[in-house]
Amino acid sequence: MRTVAKALRQVAEGKAAAQAEAAEWKRKYELETAQKQQTRIKDCGTCTDDNLGKMTSQLSLEAPASDQTGCCGNHGICSHEVLQDEVPGPNPRPSLSMVGRKASFRLSWGCNGNKNGQHKHDFVSFEKGDITTAERSSKQILLKWESRPQTVLFITKPNSNSVRVLCAEMVRWLKEHKNINVFVEPWVSKELLTDDSNNTVQTWDNDDDKKMLHKKVDLIVTLGGDGTVLWAASLFKGPVPPVVAFAMGSLGFMTPFPSEQYRDCLDNVLKGPFSITLRNRLQCHVIRDAAKDEIVTEEPILVLNEVTIDRGISSYLTYLECYCDSSFVTCVQGDGLIISTTSGSTAYSLAAGGSMVHPQVPGILFTPICPHSLSFRPLILPEYVTLRIQVPYNSRGHAWASFDGKDRKQLAPGDALICSISPWPVPTACLVDSTTDFLRSIHEGLHWNLRKTQTLDGPRD
Ligand SMILES: NC(=O)c1ccc[n+]([C@@H]2O[C@H](COP(=O)([O-])OP(=O)(O)OC[C@H]3O[C@@H](n4cnc5c(N)ncnc54)[C@H](O)[C@@H]3O)[C@@H](O)[C@H]2O)c1
Ligand SMILES: Nc1ncnc2c1ncn2[C@@H]1O[C@H](COP(=O)(O)OP(=O)(O)OP(=O)(O)O)[C@@H](O)[C@H]1O
């Protein structure tokens, strides 16, 4: 019996290794294709130092010659790609014809007093108004507008009267005092219209328009808690415009801006420059055993916090085989496994015993949920790896994957989940800077290491 089990395991491992290799080649091919198709950075030498110029030699930005103007900065990546106004067709839809040009901006390293940019280690590339990052910057990133932002998308927590009232007030202020175009979700436009607060907000009426939001929106404003930030990010399957998250929830780990000071906060952001945290996301592919030979089985799912694979309603232990690139990591036997971003390190992963990690630390957290083993400690893996979580053929039950706590998908024996860092981070505006905001949130949100101070009286050395 043991020999048979060993043989079964060897077959499963062999198959899994082959699948891992196939998954890795597919990922590399997709990444290379995406880089070739996307952009080419030409003649941007004045805004990058030699080091950066070498690293960005493979990437380039195709900006139409007529739009290409001289670089304006010395320590950042500029793009002068400005999207053409939509030319109204025979019956132009208001949401299309009213949108002006998308603002362009420059990302630079906020090194204190250092003028020659020698701190630049990794780079952030800016392509056609979309922020992508192949590596992580090791310094505070600043966003500086190169043209005035004109369009703001509001994402609000549902079923909250205070949020609805504030949203209507902010929309009115932005339109009357800042001449900003406002987009809202379809259900919000109905509320604002019934409120008659300001019936010239724009929305979308189909998925094609929704997919093009990142080409029209300069800034996202969220009114709610962390879940509203997660929801806002989930609307963007590719590049995400900068997010300004106002705190209207209970915890507010990713919502640093006080809602009562929205005028000053938005003034500062619209004027710029302002600090941003590039929050990496995980892109997850479900590979069905039945469709293992097809190149792509299901749409990738992007998560800002984590993807969990658990036993769902099954009363059996989960049994998951985990691979990192093509190396076998371990078998998880317990309630499940959390694969988390550093932003999600203070969420479910923390509750399951994982570490709290600064959101700018490049990494992927690997945290078991109630493992039935005394020695299974959480891991933090590099951000450049691809993880494959396989439900083995000899697993007693199915597993369930959930993405940022939602959209559960059942995984049958033989199915696998492939996870890697997405090239589309969520750029969130900082109230102060990435580190100050992170420390404030663990102090105020989680009361981290809050302890009475020992008094002076008592024994001495
Ligand atoms: N046992 C747990 O701690 C547990 C269980 C399920 C889900 N969650 C978390 O809830 C998230 C979904 O959030 P939601 O608001 O949609 O659901 P929700 O309304 O159930 O809120 C869950 C709580 O997690 C907090 N939270 C969310 N993201 C966070 C982050 N990055 N850092 C610190 N706290 C965070 C929220 O503020 C909220 O208080 C999931 O991604 C998961 O991380 C936690
Ligand atoms: N615009 C939206 N449309 C649909 N669902 C949303 C939207 N905004 C937020 N949600 C969902 O509503 C839930 C609650 O949102 P959120 O977490 O922001 O508020 P909260 O729970 O009151 O605050 P906290 O998370 O700080 O406790 C989340 O699960 C989130 O996914």
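**Entry 1: strands around β18**

Before counting anything, I noted that two strands pair if DSSP finds at least two bridges between them. I am working on a predicted model, so I kept that in mind throughout.

I began with strand β16 (residues 306-310) and strand β18 (residues 327-340). They run antiparallel and are joined by five bridges. Glu-306 sits opposite Ser-340 in β18.

Next I looked up β17 (residues 318-324), which is antiparallel to β18 and is linked to β18 by seven bridges. Here I found Glu-321 opposite Cys-331 of β18. I also checked the turn: the hairpin of β17 and β18 has two residues between the strands, and Asp-325 there takes a positive phi near 55°.

My last stop was β19 (residues 364-371). Six bridges connect β18 with β19, again in antiparallel fashion. Ile-338 has Thr-367 in β19 as its bridge partner.

How is the chain divided? I found domain 1 (145-280 + 428-446) and domain 2 (281-424). Their contact takes 20 residues from domain 1 and 19 residues from domain 2. The C-alpha centres of the two domains are 30 Å apart.

I then looked up the area buried between domain 1 and domain 2: about 1700 Å², with carbon and sulfur atoms giving 63% of it. On the side of domain 1 that touches domain 2, α8 (226-234), β13 (274-279) and α11 (434-445) each supply at least two residues.

How many salt bridges cross this interface of domain 1 and domain 2? I found zero. Polar contacts were another matter to look up, and there I found seven residue pairs across the interface. Sorting the domain 1 side by class gave me 13 nonpolar, five polar and two charged residues.

Note on methods: Residues are numbered from 1 along each chain as its sequence is written. Chains are lettered from A and ligands numbered from 1 in the order in which they are written. This is a predicted model: local features need pLDDT of at least 70, side-chain atom pairs count only at pLDDT 80 or more; totals for chains, interfaces and linings use all residues. Side-chain values use heavy atoms; hydrogens and water are left out. Helices (H or I, at least four residues) and strands (E, at least two) are DSSP runs, numbered from the N terminus. Domain bounds come from an automatic or database domain assignment. Contact means heavy atoms within 4.5 Å. Buried area is the accessible area (1.4 Å probe) that two parts lose on being put together, summed over both. A salt bridge is a side-chain nitrogen of Lys or Arg within 4 Å of a carboxyl oxygen of Asp or Glu. A polar contact is a pair of N or O atoms within 3.5 Å; within protein, one must be able to donate a hydrogen and the other to accept it, and residues adjacent in sequence count only if both atoms are side-chain atoms. Ala, Val, Leu, Ile, Met, Phe, Trp, Tyr, Cys and Pro count as nonpolar, Asp, Glu, Lys and Arg as charged, and the others, Gly among them, as polar.
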